[in-house]
Amino acid sequence: MDKRQHIAIFTTASLPWMTGTAVNPLFRAVYLAKDGKTDVTLVIPWLSLKHQKLVYPKDVTFSSPSEQEAYVRQWLEQRISFSADFSIRFYPGKFAVDKRSILPVGDISEVIPDEEAEVAVLEEPEHLTWFHHGKRWKTKFSLVIGVVHTNYLAYVKRESNGRVKALILRYLNTWVVDIYCHKVIRLSAATQEYPNSIICNVHGVNPKFLEIGKKTIELQQSSKRAFSKGAYYIGKMVWNKGYKELLDLLRKHQKELSGLEIDLYGSGEDSNEVQEAFEKLGLVVRLYPGRDHADPVFHEVTKYS
């Protein structure tokens with residue numbers, strides 16, 4: 001019989017934290033395991049109760065990794081129409097308040113036994129290796145693929161002495177990614193450039209969005225209004241996700257946009273500050289908790305409210 005391939009996907013976040021590196025690697029694991037010919041392990045951070053309360057939605061915490069795994073699998077079952085056989089393992093992590101990120105603790109490559117160490121996918125390879133110590137990833141795994149999600153340089157530039165910090169971080173990122181990865185995939189050209197990297201949206205497209213597109217075309221072809229809502233903005237509610245730029249634009253052009261109504265959908269650490277800032281505008285701005293991009297509220301043709 002042909003030897004089954006082992007793929008381990010390491011990522012920097014997990015549900016119930018609704019962020020890209022929690023959701024997209026989860027779906028990646030599911031679809032890689034769908035054919036039943038590949039052994040796939042998703043490796044996600046386990047946080048102490050204290051740190052869970054800093055990251056996860058209010059009143060959602062877990063007393064054990066198995067409890068969190070059950071939550072993740074239940075969330076997934078509600079969104080896919082097939083059964084995928086993949087494993088979930090945890091590595092110790094901590095939430096760094098100043099960086100607003102979960103950082104790995106210790107040598108997280110040890111989560112995968114040597115006999116299973118074949119292919120490793122590092123979601124946000126720079127993030128996972130800033131503080132890595134232990135066996136080199138390229139030594140342990142036959143192939144290490146880094147998937148670059150985030151432009152950390154843009155985040156750092158917002159801080160005090162941001163340009164200097166960004167310059168240092170650029171070299172640090174380039175160094176660790178080159179040391180630990182055989183191949184590098186950038187999800188978009190908006191991320192930091194790396195030598196010998198390629199740009200490719202390996203996330204694919206959720207079938208729900210294809211169905212939404214088909215329904216929209218049907219409405220347009222039948223001369224019906226395909227979209228009846230006003231303007232909305234969706235994104236994790238932290239200033240770095242563009243809320244500051246949006247606030248500045250709306251504040252600057254309040255007179256020209258006097259009739260504009262806009263809905264903001266997002267949840268995050270800066271929710272209270274964002275709400276207070278937008279309430280001071282002379283415009284109609286409504287804030288709602290975060291929703292999935294495919295949520296019917298964004299696509300159904302209903303009376304705008």
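The model is predicted. One cavity of 30 Å³ or more is counted, and the structure holds zero disulfides.

**Cavity**

- The largest cavity has a volume of about 40 Å³.
- Its lining consists of T11, A13, S14, L15, T21, A22, L26, L42, I44 and V72.
- By class, seven of the lining residues are nonpolar and three are polar, while no charged residues take part.

**Secondary structure around the cavity**

- Two elements, α1 (20-33) and β2 (38-46), each supply at least two residues of the lining of the largest cavity.
- Helix α1 provides the largest share of that lining, with three residues.

**Cysteines**

- With zero disulfides in the structure, C181 is in no such bond, and the nearest cysteine sulfur, that of C200, is 16 Å away.
- The sulfur of C200 has its closest cysteine sulfur in C181, and because these atoms are 16 Å apart, they are too far from each other for a bond.
- For comparison, a disulfide requires a pair of cysteine sulfur atoms within 2.5 Å.
- C181 has a relative accessible area of 5% and is therefore buried, the cut-off for this class being under 20%.
- C200 has a relative accessibility of 33%, so this residue counts as partly exposed.

Definitions and conventions. Residues are numbered from 1 along each chain as its sequence is written. This is a predicted model: local features need pLDDT of at least 70, side-chain atom pairs count only at pLDDT 80 or more; totals for chains, interfaces and linings use all residues. Side-chain values use heavy atoms; hydrogens and water are left out. On a 1 Å grid over the protein atoms alone, a cavity is a set of points where a 1.4 Å probe fits but cannot get out, and a pocket is an open set with protein on both sides within 12 Å along at least five of seven lines; lining residues have an atom within 4 Å of a point. Grid points are joined across faces, edges and corners, and a volume is the space filled by probe spheres set on the points. Helices (H or I, at least four residues) and strands (E, at least two) are DSSP runs, numbered from the N terminus. Ala, Val, Leu, Ile, Met, Phe, Trp, Tyr, Cys and Pro count as nonpolar, Asp, Glu, Lys and Arg as charged, and the others, Gly among them, as polar. Buried means under 20% relative accessible area, exposed over 50%, partly exposed in between (1.4 Å probe, protein chains only).
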